[in-house]
Amino acid sequence: MRFCNRLRFQKRFFDRFSSSYYFLNFLSFGLANLTRKRSLKTLKIAEGETVCDLMCGDGSNIGIIKKTFGKNPILGVDISKRMIQRARKRFGENNVTYFAENALSSSISTGSCDAVSCTFGLKTLSAEERRILFSEVYRILKPSGTFVFAELSRPKYGFFFLLWNFYFRQFLPLFGRIFYLPFVGKKYLSDSIDSFESVVKDEKNFRSVFSQVDLFSWYGGIVTGFYGRK
Ligand SMILES: C[S@@+](CC[C@H](N)C(=O)[O-])C[C@H]1O[C@@H](n2cnc3c(N)ncnc32)[C@H](O)[C@@H]1O
């Protein structure tokens, strides 16, 4: 019941936000796309391999994968139909299959993906949902398949902590109110990063699922994540 309500909220929220989501790329001063590119590089994808982007949103990762790896089959999964529509509009259907589905229980076949990526999706899930997501990634990956998760995080101290506070608590909410961006206007983004903190919180969970895992912390801890092999 709790899961269903959260899911319905996420779906409605991101449907509503889909038309302005792209704007965040500019508001992040390039950091969002830089993170996506850097994350996808860790996957070491070979020609012809199937890449699945979970919680793909309006498809920015799909665009990068298409541009970098050309003809590889790509699967994009997102709960929000409108996000999927936008991804389809931006990057078409050539080599890309879209799933407007829950990433925690998708219809993607077991052992069908060589690589799985997920950027900026973890903070929208509860700790319990993240645990399910890690098992789901394990299920859809081929043996020795690779994965990467990257997420906005809250630096603990110092300059980057001050920068984070100013940007997420002052600048973005003000900007969001002026331009009516629901994702940032009501401190949704900073609150969800706050409760997520960093991927370190989930370390025990993903280490119990995957055989090889490396953690990373980029830009003074503003982005944290992990990558590895099944
Ligand atoms: C912050 S956006 C990240 C989008 C994209 N990965 C990016 O790099 O911009 C989070 C996305 O996760 C999707 N989402 C939330 N819960 C989901 C779920 N249970 N299954 C699939 N997608 C989900 C939302 O619809 C939204 O598009």
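Two strands pair if DSSP finds at least two bridges between them. By that rule, this predicted model holds an open sheet of seven strands with mixed pairing, in the order β3-β2-β1-β4-β5-β7-β6. Helices (H or I, at least four residues) and strands (E, at least two) are DSSP runs, numbered from the N terminus. Residues are numbered from 1 along each chain as its sequence is written. Because the model is predicted, local features need pLDDT of at least 70 and side-chain atom pairs count only at pLDDT 80 or more, while totals for chains, interfaces and linings use all residues.

**The sheet**

- β3 and β6 (212–218) stand at the edges with a single partner strand each, so one side of each lacks a neighbour in the sheet.
- On average, neighbouring strands are turned by 15° against each other, direction ignored. Axes here are lines fitted to C-alpha atoms, for helices over the stretch in contact, and angles run from 0 to 180 degrees between N-to-C directions.
- β1 and β2 are parallel, paired over four bridges. Val-51 stands opposite Ile-74 in β2.
- From β1 the chain crosses through α4 to β2 in a right-handed β-α-β crossover. Right-handed means that, with the strands pointing away from the viewer, the path from the first strand over the helix to the second runs clockwise.
- β1 also runs parallel to β4, with three bridges between them. Cys-52 has Val-116 of β4 as its bridge partner.
- β4 and β5 are parallel and joined by six bridges. Ser-117 faces Val-148 of β5.
- The chain passes from β4 through helix α6 (residues 127–140) to β5, again as a right-handed β-α-β crossover.
- β5 and β7 run antiparallel, with seven bridges. Ala-150 has Gly-225 in β7 as its bridge partner.
- β6 and β7 (residues 223–229) are antiparallel too, joined by seven bridges. Gln-212 is set opposite Arg-229 in β7.

**Burial and the core**

- A residue is buried if 20 or more other C-beta atoms lie within 10 Å of its own, exposed if 12 or fewer, and partly exposed in between, with C-beta atoms placed from the backbone.
- The largest nonpolar core has 55 residues. Such a core is a set of buried Ala, Val, Leu, Ile, Met, Phe, Trp, Tyr and Cys residues joined through C-beta atoms within 7 Å.
- Cys-52, Leu-54, Cys-113, Val-116, Phe-147 and Phe-149 have the most contacts inside this core.
- Strand β5 (residues 141–152) gives the core its largest share, six residues.
- Nine of the 12 residues of β5 are buried, so the strand is largely enclosed by the rest of the structure.
- Val-116 touches Cys-52, Leu-54, Val-137, Ile-140, Leu-141 and Phe-147, leaving aside residues up to four places away in sequence. Contact requires C-beta atoms, placed from the backbone, within 7 Å.
- In β1, Val-51 and Asp-53 point one way, Cys-52 and Leu-54 the other, and all are buried.

**Helices against the sheet**

- α3 lies across β4, β5, β6 and β7, at about 155° to β4.
- Helix α4 (residues 60–69) has Ser-60, Asn-61, Ile-62, Ile-65, Lys-66 and Phe-69 buried.
- The buried residues of α4 pack against α3 (31–41), β1 (51–54), β2 (74–77), α5 (81–91), β3 (96–99) and β4 (113–119).
- Gly-70 follows α4, and its phi is positive, near 60°.

**Ligand shell**

- The ligand is surrounded by 21 residues, the closest being Phe-14, Met-55, Gly-57, Ser-80 and Ala-103. A residue is near a molecule or strand if its C-beta atom, placed from the backbone, lies within 6 Å of it.
- The elements giving two or more residues to this shell are α1 (2–21) and α4.
- α1 supplies the largest share, three residues.

**Loop residues**

- Tyr-22 sits in the loop between α1 and α2 (23–27). Tyr-22 is partly exposed, with 14 other C-beta atoms within 10 Å.
- Phe-29 lies in the loop between α2 and α3. Phi of Phe-29 is positive, near 55°, in a residue other than glycine. Phe-29 counts as exposed, with 9 C-beta neighbours inside 10 Å.
- Lys-44 belongs to the loop between α3 and β1. Lys-44 has a positive phi of about 50° although it is not a glycine. Lys-44 is exposed, with 12 other C-beta atoms within 10 Å.

Note on methods. Two residues are in contact if their C-beta atoms, placed from the backbone, lie within 7 Å.
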